[in-house]
Amino acid sequence: MDGPSEAFGSPYRLLSTAVTPRPIGWISTTSQAGVDNLAPYSFFNVVAVDPPVVMFAPVGSQELKDTPRNVRETEQFVVNTVTRELVEQMNATSATLPAGESEFDQVGIERAASTVVEPPRVAAAQVAMECELYDWIEVGGSVLILGEVVHVHVEESVLTDGKIDINNLDTVGRLTGSQYASTAERISFERPT
Ligand SMILES: Cc1cc2nc3c(=O)[nH]c(=O)nc-3n(C[C@H](O)[C@H](O)[C@H](O)COP(=O)(O)O)c2cc1C
C-alpha cells in the first residue's frame with residue numbers, strides 16, 4: 001500500500017474524495033475589529049454530546065484563514081446548517097476576501113442576532129449552533145477547532161412534535177471539488193439489536 005503522499009493524486013485529493021460526503025459547517029465569526037465573517041468548512045463534525053462539542057478544521061500551512069484568526073481572538077463562532085436552498089450562497093462565501101470585508105455583505109446574506117455569542121447567525125439557516133471555543137489543537141499545518149455548543153436555534157418548520165426532524169431538513173454534503181451530495185433521497189435500515 002502506497003502512502004497517501006505518493007499515491008492516488010495529492011493527499012488532499014485522496015482524503016477529501018475518500019471521506020465523503022462530508023457535512024458542512026458554515027461558520028460565522030466576528031473579528032476583534034467588528035467585521036462579520038462567514039465561510040464553509042467541510043472538515044466538520046460532532047465530537048461529543050456531553051458536553052456538546054463540534055469541530056472544524058481550517059487546513060493550510062501558511063497564514064491563518066480569517067475564521068480561525070477570529071476564533072483565536074474572540075473564542076466564539078456560530079455553525080449554520082447548509083440546506084439545499086442555501087448551497088449557492090454558501091459556495092459564494094468561500095471566496096477569499098480581504099479581512100476587512102464581510103461575506104455577509106458581499107454575498108447579500110441576511111444576519112440574525114445570536115443569543116449568547118457575539119457573531120451573528122445566518123437568518124435563513126434552519127439550524128444554527130452558537131459555540132464557545134473548547135480547545136484549539138494544532139495538527140501539522142491545520143488547526144482542529146473544538147467548540148462547545150452553548151445555544152441552538154431550530155426553525156419551527158423543522159420540528160415535529162417539538163423535536164428536530166431530519167425529514168424536514170434537506171442538508172447538503174460536500175463530495176470533492178465542486179461536487180455536492182443532496183440528501184433528498186433517503187434510505188432507511190433498522191439497527192440490529
Ligand atoms: C463546501 C466547502 C468546504 C470547505 N471546507 C474547508 C475546510 O474544511 N477547511 C478549509 O481550510 N477550507 C475549506 N474550504 C475553503 C474555505 O471555505 C476558504 O478557504 C475560505 O476562503 C475561508 O474563508 P475565511 O478566510 O473567511 O475563513 C471549503 C470550501 C467550500 C466551498
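Q: Which residue has a side-chain N or O atom 2.7 Å from an oxygen atom of the ligand?
A: This is a predicted model in which local features need pLDDT of at least 70 and side-chain atom pairs count only at pLDDT 80 or more, while totals for chains, interfaces and linings use all residues. Side-chain values use heavy atoms, with hydrogens and water left out, and residues are numbered from 1 along each chain as its sequence is written. Backbone N or O atoms of P40 and S94 each lie 2.9 Å from an oxygen atom of the ligand. The side chain with an N or O atom at 2.7 Å is that of Y41.

Q: Which element supplies the largest share of the shell around the ligand?
A: At least two shell residues come from each of β3 (36–41), α2 (66–74) and α3 (87–92); helices (H or I, at least four residues) and strands (E, at least two) are DSSP runs, numbered from the N terminus. The largest share, four residues, comes from β3.

Q: In β13, which residue is the bridge partner of R22?
A: β1, β13 and β14 form an open antiparallel sheet in that order, where strands pair if DSSP finds at least two bridges between them. Two bridges join β1 to β13 (residues 172–174). In β13, the partner of R22 is R174.

Q: With which side chain does the side chain of T176 make a polar contact?
A: T176 lies in the loop between β13 and β14. A polar contact within protein is a pair of N or O atoms within 3.5 Å, one able to donate a hydrogen and the other to accept it; residues adjacent in sequence count only if both atoms are side-chain atoms. At 3.3 Å, the partner is the side chain of T17.
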